[in-house]
Amino acid sequence: MRRRARLMTATAAAALLLGCVSGPAASKPGPDRAGERVLVFSKTAGFRHDSIPTGIATVKELGAANGFAVDATEDAAAFTADNLAKYDAVVWLSTTGDVLNTTQQGAFEQYIRDGGAYVGVHAAADTEYDWPFYGGLTGAYFQSHPAIQPAKIHVEDHAHPATAHLGTGTWDRTDEWYNYRPNPRDKARVLASLDESSYTGGTMSGDHPIAWCQNDYQGGRSFYTGGGHTKESYAEPAFRSHLLGGIRWAVGAAQADCRPEKGYTPLFDGTAASLENWKQAGPGSFELDENDGTLTTTGGMGMLWYDRRELGSYSLKLDWRMRGDDNSGIFVGFPPSDDPWSAVNNGYEIQIDATDVPEKTTGSVYGFRSADLKKRDKALNPPGEWNTYEIRVEGERLRLYLNGIKINDFTNTDPARSLRQGHIGIQNHGDADEVSFRNIRVKDLPARRSGTPAPTGSEAGR
């Protein structure tokens, strides 16, 4: 598929930029596959939104400014295998009702299974109620809506390119707010949700997702946003960036962890209050930006560590961003100490530095085990963009996921160290290095008996 070819091209460019020691396997894009191409589909068989022309114009403007070509159609005959193969993503822009026949549905299903991508905007959820594949791809169907009114949106994912720009405060905007059936949270990564107390007419009992994504729906990517009913939406800079981020992720120009996420407790949520349980060991420090919800390294060689309790069996997730060729890391499994070298000598560091040697590069268990560099390179966003780590520790086994992709699997055999109990910390490496962290959260996992296999696949990370 076209998207797969583009993913390889983007990865190679990132590897050159970062100076990575290993690049991904090459693929051979066809002669007509230079850059991304998006199809905007806006056929309606029910209510027709008068914002559709504005939405189409906006996607074309975003494409012209960000390097992807855009075609637009309301002709369902465009849904053939040969034609869909030209596109990295299909944007269903406020479609309504039954818009494809059985043959066309089959072509689109195969397109997704071959690695294609779907972007649903607003009334895309009010479409094809009798097509189960489409319902699963969208994530939820429209149920009802109140009048257009202002509402507050809570951002749940601060690393996805569709929401990374929105900061820690509520996102206040006016739109037509859909209620959905069913709640998509169990099968999709919810990026943002509505505060039902901030407006009238919400019917989802206080858990009201409004934007979400799926990493792998039967082979393809899926992004949906409930915004975009009004013409004015497409003039809002924040909404335009939200839509652009969703498209960039869908076509593979940016990576993110879109596995479902439930049950995590914040250790650092972007506020000064959440730092009361952290201590600085060694020189240097971290600068807090509460508006952006970030901690940024400064000075050092030190470490900020969570001293409230030791962790045993757990999933630790955090978002990080490098400025350029910088260095930092996450320490796990070390005893309490005001000496940062205690973590080096007694625990393990999960490295952030894409230009070092394999056993000391991004995704490595520093000095002990290299990441799978081909998988790492495919999953890694370049400097200036956010990445998400999941560090999953069960017994003496540590698995590392980068933007939802498993890139390392390490088992401790050193009798002088143990992953079964210890603290976690983030490193400030030195004056020349600048790395930012966001949204550090943890979920305790059931302790496994010795010899019991750990869960794999989509079960990891939930």
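Is Asn439 buried or exposed? Asn439 is buried, with a relative accessible area of 15%. Buried denotes under 20% relative accessible area, exposed over 50%, and partly exposed in between, with a 1.4 Å probe and protein chains only.

The model is predicted: local features need pLDDT of at least 70, side-chain atom pairs count only at pLDDT 80 or more, and totals for chains, interfaces and linings use all residues. Residues are numbered from 1 along each chain as its sequence is written, and side-chain values use heavy atoms, with hydrogens and water left out.

Backbone geometry is taken up next. Asn439 has a positive phi of about 50° although it is not a glycine. Asn439 lies in strand 24 (residues 435–444). Helices (H or I, at least four residues) and strands (E, at least two) are DSSP runs, numbered from the N terminus. His122 also takes a positive phi, near 50°, and is not a glycine. His122 sits in the loop between strand 4 (117–121) and helix 5 (132–138). The relative accessible area of His122 is 0%, and the residue is buried. The peptide bond from Arg181 to Pro182 is cis, with omega near -10°. Pro182 belongs to the loop between strand 8 (179–181) and strand 9 (189–194).

Two helices were examined. Helix 2 (residues 52–66) has 15 residues and reaches 21 Å from its first C-alpha to its last, close to the 21 Å expected at 1.5 Å a residue. The expected span is 1.5 Å times one less than the number of residues. Ile52, Gly55, Ile56, Thr58, Val59, Leu62 and Gly63 of helix 2 are buried. Seen down the axis, these buried residues fall within an arc of 160°, so they line one face of helix 2. The arc is that of the directions from the helix axis to the C-beta atoms. The face turned away from the buried side carries the exposed residues Pro53, Ala64 and Ala65. The buried residues of helix 2 pack against strand 1 (36–41), strand 2 (68–73), strand 3 (89–93) and helix 6 (237–251). Contact means heavy atoms within 4.5 Å.

Helix 4 (residues 102–113) has 12 residues. Its buried residues include Phe108, Tyr111 and Ile112. They pack against helix 3 (81–84), strand 3, strand 4, helix 5, strand 10 (208–217) and strand 11 (220–225).

A cavity is a set of points where a 1.4 Å probe fits but cannot get out; a pocket is an open set with protein on both sides within 12 Å along at least five of seven lines; lining residues have an atom within 4 Å of a point. Grid points are joined across faces, edges and corners, and a volume is the space filled by probe spheres set on the points.

The second largest pocket holds about 430 Å³. Of its 19 lining residues, the closest to the centre are His154, Val155, Glu156, Pro266 and Asn439. Strand 24 gives the largest share of this lining, 3 residues. The lining has 3 nonpolar, 7 polar and 9 charged residues. Ala, Val, Leu, Ile, Met, Phe, Trp, Tyr, Cys and Pro count as nonpolar, Asp, Glu, Lys and Arg as charged, and the others, Gly among them, as polar.

The whole structure contains 1 cavity of 30 Å³ or more. The largest cavity has a volume of about 60 Å³.
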